[in-house]
Amino acid sequence: MKKRLNIRISGLGGQGAVTAAHLLAMAANKAGLYSISNPFFGAEKRMAPAESYCRIGPERIYDRGELVYPEVIMVFHPQVITLQKSYTAPFYSGIKKNGLIIINTSTDLLTEEDHQRLDDLNVAVYDIDATSLALEIGGTELSTNMAMIGACAGITRVVSLDELEKALQDRFGKKYVASGGTATLDEAIKKKYAKKEMLLKKNMDTIIKAYEIATEWAQNQKQEMAVQ
Amino acid sequence: MNKPVGVKEKGVKMSQHVKLGQKNKKGQVYTDIVDMFNMPEPPSFLTGSEVIRDAVKVASIDLSVAYPITPQSEAAALIGELYAEGYLGDYFRGESEFAVMGQCAGAAFGGARVFTTTAGPGTLRAFENFPMWAGARLPIQVCVTCRGINSPLTIQPDTLEMYFLLETGMLIWHAETAQDLYDYILAGFMVAEQPDVHLPIATCCDGFFVTHTKDTVNKVPDEVCLPPYDPYRSPVPCMDMENPPVRMMRDPFVMKSNYISYSTHASWQQEVRAAIERSRKHTIRILGSLVETQNTDREILIVASGTAVSQSREAIRLLEEEGIKVGLVKLKTIRPFPHAELREATANAKAIFVPEFNLSGWLAREVKACIPNNERVHAGPQVGGGMTMPLEVIAEEIKRYLGIPTETLASRGS
């Protein structure tokens with residue numbers, strides 16, 4: 001890895017946007033890279049805008065806080081775009097040239113103007129129906145964040161599947177204390193599975209599947225992406 | 001009592017109730033803090049809240065009082081877990097921040113090493129207690145995870161509350177990263193409890209940017225811990241109702257004679273401030289210095305504390321790519337203010353920028369009050385209400401000063 005990768009995740013409260021950034025950063029840390037992740041949200045409630053940021057690079061990272069100029073933007077929920085539930089307007093404000101946007105959607109949510117602006121910046125847009133994928137493989141829509149980080153890793157190759165699995169083990173394999181809201185959601189997802197091993201396996205399967213289909217998409221892309 | 005302590009002396013003054021090398025009930029070995037910091041451990045990848053817990057775990061704390069307020073709630077809850085595991089003497093939840101700080105005072109009067117955490121509106125709600133702690137010479141440590149205090153409500157990081165804390169008579173340290181926070185919590189107890197200091201300490205960090213950020217931290221092994229607090233080394237008698245400072249509360253001098261009241265207050269306030277200055281030598285012995293400097297021979301300098309230092313480090317990298325050379329002075333302690341160090345570091349600077357995460361610019365005022373030719377000080381950039389400070393904004397401020405045209409940030413991204 002030669003250059004720093006800045007990833008901005010816009011989602012809604014309860015979707016695991018914060019956990020996704022933590023997992024990517026932890027995976028990078030396990031890969032021997034430098035990384036920092038931090039969240040940005042208001043009152044902790046479901047469906048409220050929630051953002052998280054993950055910075056990964058080959059040298060010590062000091063920068064923290066809201067990511068104003070990202071290379072990668074991930075949109076976890078269509079409402080980020082349709083109801084403007086993001087901290088920046090438009091949601092892709094600040095995206096760098098040759099950047100990448102991954103949107104969890106089954107249909108194109110961007111206007112013609114959006115497409116034009118992003119084309120002008122040579123930004124690649126990848127629509128992935130992550131929630132359907134999560135339901136299908138993970139067995140719950142709560143695994144949407146797993147599909148999204150899988151897709152991100154599949155295209156950018158910033159971390160490997162092996163490192164993501166280690167990060168997943170770290171986060172869900174042992175006791176973890178977070179805020180009340182996060183603890184409640186952790187409990188909710190644990191109840192979806194008979195055993196903790198199943199939780200880890202199903203979520204890892206979701207990551208792998210998204211990784212594979214995103215890899216295939218990236219291989220068919222003609223435009224050059226600065227994020228790879 | 002105030003016997004000078006030579007800087008060559010390695011150890012800090014500590015309890016005589018236990019000896020170094022002895023074990024506590026959890027099997028942790030009482031260890032000199034300088035030795036603790038020299039025990040290599042593999043780096044951990046943790047949030048700031050987890051780092052607070054891990055520092056508390058090895059700090060031989062007798063009592064901690066909790067009250068929830070974002071962004072310190074997770075740290076307070078994690079300290080509760082430590083209590084359940086037997087690492088603290090006592091732990092409970094107060095009725096409000098005001099009650100918490102009063103309960104901390106009670107425990108400290110009783111001779112306990114006390115730790116608590118608060119933030120933003122909680123700091124202000126508790127406020128009356130802070131100068132009381134200082135006047136009563138209670139070496140309580142409060143970790144302040146800074147949060148905006150203005151209306152409309154915000155939970156985001158803003159360092160305005162540190163401005164309010166400046167004249168409380170407390171030691172005030174400002175951590176840049178989770179690593180700093182870990183080190184400062186441990187060093188803070190040792191410095192604050194020295195007989196010639198014996199003051200409360202606010203170990204401040206920027207909420208979210210430190211507490212909720214996952215970062216790499218080098219910790220000390222869990223098998224060692226700080227020597228315990230020894231209340232018999234306090235410079236004021238514990239719970240003596242006839243002598244200052246306790247008498248001031250139960251049977252105030254103002255009830256006897258305005259003159260006695262006046263002279264007691266005047267001398268005591270000076271003594272508290274002198275004690276802050278006396279903490280310098282202990283802090284230097286443990287943390288190495290009150291400031292960290294980089295390339296102070298350069299004409300343009302940034303002076304900052306907390307997260308503003310991190311953002312400045314990145315801005316300096318960015319400017320370097322364009323051939324613009326900028327130096328850096330990081331202030332670790334705000335009280336005591338590192339006057340001599342700052343004057344020396346800025347001696348050759350032509351322009352000094354002070355980026356801050358608050359709109360009052362209190363650090364710029366402190367810097368201006370400290371150095372000669374203070375027209376060199378440019379207060380800014382400043383962000384408020386928990387807004388982030390992109391490195392590009394710091395870089396633009398400096399380029400504008402140099403007359404280099406810049407893109408306007410207002411139109412970013414669209």
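Colleague: Let me start with one residue: which residues does Tyr87(B) touch, not counting residues up to four places away in sequence?
Modeller: Tyr87(B) touches Lys26(B), Gln28(B), Lys57(B), Ile61(B) and Leu82(B), where contact means heavy atoms within 4.5 Å. Before going further, please note that this is a predicted model, in which local features need pLDDT of at least 70, side-chain atom pairs count only at pLDDT 80 or more, and totals for chains, interfaces and linings use all residues. Residues are numbered from 1 along each chain as its sequence is written, chains are lettered from A and ligands numbered from 1 in the order in which they are written, and side-chain values use heavy atoms, with hydrogens and water left out.

Colleague: Where is Tyr87(B) placed in the chain?
Modeller: Tyr87(B) is in the loop between α3 (73-85) and β4 of chain B; helices (H or I, at least four residues) and strands (E, at least two) are DSSP runs, numbered from the N terminus. As for distances, Tyr87(B) and Ile324(B) are 50 Å apart in space, C-alpha to C-alpha, and 237 residues apart in sequence.

Colleague: And β4 of chain B, which sheet is that in?
Modeller: β4 belongs to an open sheet of 7 strands in chain B, with the order β4-β3-β5-β6-β8-β7-β14 and mixed pairing, where two strands pair if DSSP finds at least two bridges between them. β4 (90-93) and β14 (333-335) of chain B each have a single partner strand and stand at the edges, so one side of each has no neighbour in the sheet.

Colleague: In what sense do β3 and β4 of chain B pair?
Modeller: Strand β3 (residues 63-66) of chain B pairs with β4(B) in the parallel sense, over 4 bridges, and the bridge partner of Leu63(B) in β4(B) is Asp90(B).

Colleague: Changing topic, how many residues are in contact between chain A and chain B?
Modeller: On the chain A side there are 32 residues in contact with 34 residues of chain B. The area buried between the two chains is about 2,900 Å², and carbon and sulfur atoms give 56% of that; buried area is the accessible area (1.4 Å probe) that two parts lose on being put together, summed over both.

Colleague: How many salt bridges are there between chain A and chain B?
Modeller: The count is 3 between chain A and chain B, a salt bridge being a side-chain nitrogen of Lys or Arg within 4 Å of a carboxyl oxygen of Asp or Glu. Among them, Arg64(A) meets Asp215(B) at 3.1 Å, N to O, and Glu59(A) meets Arg317(B) at 3.7 Å, N to O. Glu59(A) lies in the loop between β3 (49-57) and β4 (72-75) of chain A, and Arg317(B) in helix α11 (residues 307-321) of chain B, so this pair joins two chains.

Colleague: Last one, what confidence does the predictor give?
Modeller: The complex is given an ipTM of 0.80 and a pTM of 0.89. Chain B averages a pLDDT of 90, with 90% of the residues scoring at least 70; pLDDT is the predictor's confidence in each residue, from 0 to 100. Over residues 410-414 of chain B, however, pLDDT stays under 50, and the model has 7 contacts beyond four places in sequence for that stretch.
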